[in-house]
Amino acid sequence: MDEPILTMQEREAINGGRWFNTLSPSLRHDILRCAYVKRFLDGELIAARGDPPNEWSAVAKGAVRVSSTSLAGKQVTLTYVEPGVWFGEIAMFDGERRTHDAYAHGATSLLCVARKDFQKILAQHVELYEALLRLQARRIRNLFGLVEDLNTLPLRARLAKQLLHLSRSYGVPCLANASETRIGLQLAQEELAQMLGASRQRVNQELKSMERELAIRIEPGGLVVCDRSALLRIAAAEN
């Protein structure tokens, strides 16, 4: 469902995005002026592999689950796009079709810019070229970091780093104890395992070990980070 405006909370998520808030006021204004809002229900398909590149988007609410399908037909979760993050710009440049499936994770709102408007903004704001290059450079650095971790760190350390990332991106302070952080992203252990390139059984074992160490707490509704310092020590100790 398309709606013309963002809610106040959604606008705060967009304006507070690490990349977007570095742009000049005039560029931000022109992007927002051309943009429109799309809202999706939990699990609804946003874009399918092979779709034409029609839009450049940012998550304003919820999350986007990016996935692929194995040869056996199993859907594999690769990553989640969090509020304030823009995605899809590569296809805006090369015109190639989408390479992965994207689904709404929870009630999700996207701020979208049509490809023709994206190209007009590029023509009017040379600044956007450099800004997008910086964005891609950061993502490439992160990708190399993930590859390095996968090849050099044990699962325990990679899991600790992933939990720290999720708590930063989706953390909500617990009402009963402000020092604890609930990971607001509802994530099945199978999906967490897929993101780490490990089996669900091994991830479950490591989570239970961290729970015994009082670093986290496993609840029916998700995970709670009880001791961030403990997770930092686990991630650092294995380096």
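**Ground rules**

I worked on a predicted model, where local features need pLDDT of at least 70 and side-chain atom pairs count only at pLDDT 80 or more, while totals for chains, interfaces and linings use all residues. I numbered residues from 1 along each chain as its sequence is written, and my side-chain values use heavy atoms, with hydrogens and water left out.

**Entry 1: aromatic rings**

I began with the rings of Phe, Tyr and Trp (for Trp, its six-membered ring), which pair if their centres lie within 6.5 Å; planes under 30 degrees apart count as stacked, over 60 as edge-to-face and the rest as tilted. My search of the whole structure turned up seven aromatic pairs. One of them joins Trp19 to Trp56, edge-to-face, at 6.0 Å centre to centre with 80° between the planes. I then checked where these two sit, taking helices (H or I, at least four residues) and strands (E, at least two) as DSSP runs numbered from the N terminus. Trp19 is in the loop between helix H1 (8–15) and helix H2 (25–34), and Trp56 is in strand E4 (residues 55–69), so this pair links distant parts of the chain, 37 residues apart.

Next I looked up burial: buried means under 20% relative accessible area, exposed over 50%, and partly exposed in between (1.4 Å probe, protein chains only). Trp19 is buried at 5% relative accessible area, and Trp56 is buried at 0%. Trp56 has another ring partner, Phe118: their centres are 5.1 Å apart and their planes at 70°, so I noted this pair as edge-to-face too. Phe118 is in helix H4 (residues 115–124), 62 residues apart from Trp56 in E4. Phe118 is also buried, with a relative accessible area of 0%. Ring pairs join Trp19, Phe20, Trp56, Trp86, Phe93, Phe118 and Tyr129 into a cluster.

**Entry 2: salt bridges**

Side chains of opposite charge can pair when their charged atoms come close. I counted a salt bridge when a side-chain nitrogen of Lys or Arg is within 4 Å of a carboxyl oxygen of Asp or Glu, and the count came to twelve.

Arg65 and Glu191 meet in one of these, at 3.8 Å from N to O. I found Arg65 buried at 12% relative accessible area, and Glu191 counts as buried at 16%.

Glu180 and Arg217 form another, with their closest N and O atoms 3.0 Å apart. Glu180 is in the loop between strand E8 (171–173) and strand E9 (181–183), and Arg217 is in strand E10 (residues 216–219), so parts 37 residues apart in sequence are tied together. Glu180 is buried at 12%, whereas Arg217 is partly exposed at 27%. Salt bridges with shared partners join Glu180, Arg182, Arg217 and Glu219 into one network.

Two strands pair if DSSP finds at least two bridges between them; E4 and strand E5 (residues 75–81) pair in the antiparallel sense over six bridges. I traced Thr69 to its bridge partner in E5, which is Gln75. The hairpin has five residues between the strands, and there Gly73 takes a positive phi near 90°.

Six of its eight residues are buried, so H7 is largely enclosed by the rest of the structure. The buried ones are Glu191, Leu192, Ala193, Gln194, Met195 and Leu196. Just after H7, I noted a positive phi of about 70° at Gly197.

**Entry 3: two domains**

The chain divides into domain 1 (8–149) and domain 2 (154–236), with bounds from an automatic or database domain assignment. Their centres, taken over C-alpha atoms, are 26 Å apart. Counting contact as heavy atoms within 4.5 Å, I found 15 residues of domain 1 in contact with twelve residues of domain 2.

Buried area is the accessible area (1.4 Å probe) that two parts lose on being put together, summed over both. The domains bury about 1000 Å² between them, 48% of it on carbon and sulfur atoms. In domain 1, Tyr80, Glu82 and Asp149 lose the most area to domain 2, together 48% of what that side buries.

The rule finds two salt bridges across this interface. I also looked up Asp149 with Lys161, a salt bridge whose closest N and O atoms are 2.8 Å apart. Lys161 is in helix H6 (residues 155–170) and Asp149 in helix H5 (residues 127–152), so parts twelve residues apart in sequence are tied together. Asp149 is buried at 14%, and Lys161 counts as partly exposed at 34%.
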